[in-house]
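Biologist: Could we go through the aromatic rings together? I would like to see the structure before we start.
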Amino acid sequence: MIDVLTTINNELANLELPYTFDSWDCEVELPQFIGEISEIPNQNEDGKSTYSFILTGYSTSYEELFKYSRKLKERYKSSAIVDGIVITYENTLIIDNNTEDLKQIQINFTIKKWSV
């Protein structure tokens, strides 16, 4: 899983997306995206690992958040193979957090990696 997270980190840095994994690690400026990953169990012995990767974005503006969502969708909508890892954009959801000042979205990806 570490190699998947390293690849994701490098990809998001190349796309200039303000990102940290798992939590706020310092004082941040908005917009900010937090990543989470979970492994999906594989019932086959084909060497494939599948992960669900979620980016939760925070900003004062949906327009700003959707700018990043569009960029990610364009890059991964047809899947992208990076370092032998397949990254596929799934969808973007608006999260209602009952706060007027802070907007939130969730961007979902499926990631697949094969090993021998």
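**Aromatic pairs**

Modeller: Y89 counts as buried, with a relative accessibility of 11%. Please keep in mind that this is a predicted model.

Biologist: How many aromatic pairs does the structure hold?

Modeller: The structure holds six aromatic pairs. One of them is formed by Y76 and F109, whose ring centres are 5.9 Å apart.

Biologist: What kind of pair is that, and why?

Modeller: The planes of Y76 and F109 stand at 85°, so the pair is edge-to-face; the angle exceeds the cut-off, since over 60 degrees counts as edge-to-face.

Biologist: Where in the chain do Y76 and F109 sit?

Modeller: Y76 belongs to helix 2 (residues 62-76) and F109 to strand 6 (residues 103-114). They are 33 residues apart, and the pair links distant parts of the chain.

Biologist: Is F109 buried or exposed?

Modeller: F109 is buried, at 4% relative accessible area. Y76 is buried as well, with a relative accessibility of 2%.

Biologist: Back to Y89, then. How are the rings of Y89 and F109 arranged?

Modeller: Their centres lie 6.1 Å apart and their planes are at 80°, so Y89 and F109 form an edge-to-face pair. This pair also links distant parts of the chain, with Y89 in strand 5 (residues 85-95) and F109 in strand 6, 20 residues apart.

Biologist: Which residues do ring pairs link into a cluster?

Modeller: The cluster consists of Y19, F53, Y76, Y89 and F109, linked by ring pairs.

How values were computed. Residues are numbered from 1 along each chain as its sequence is written. This is a predicted model: local features need pLDDT of at least 70, side-chain atom pairs count only at pLDDT 80 or more; totals for chains, interfaces and linings use all residues. Side-chain values use heavy atoms; hydrogens and water are left out. Rings of Phe, Tyr and Trp (its six-membered ring) pair if their centres lie within 6.5 Å; planes under 30 degrees apart count as stacked, over 60 as edge-to-face and the rest as tilted. Helices (H or I, at least four residues) and strands (E, at least two) are DSSP runs, numbered from the N terminus. Buried means under 20% relative accessible area, exposed over 50%, partly exposed in between (1.4 Å probe, protein chains only).
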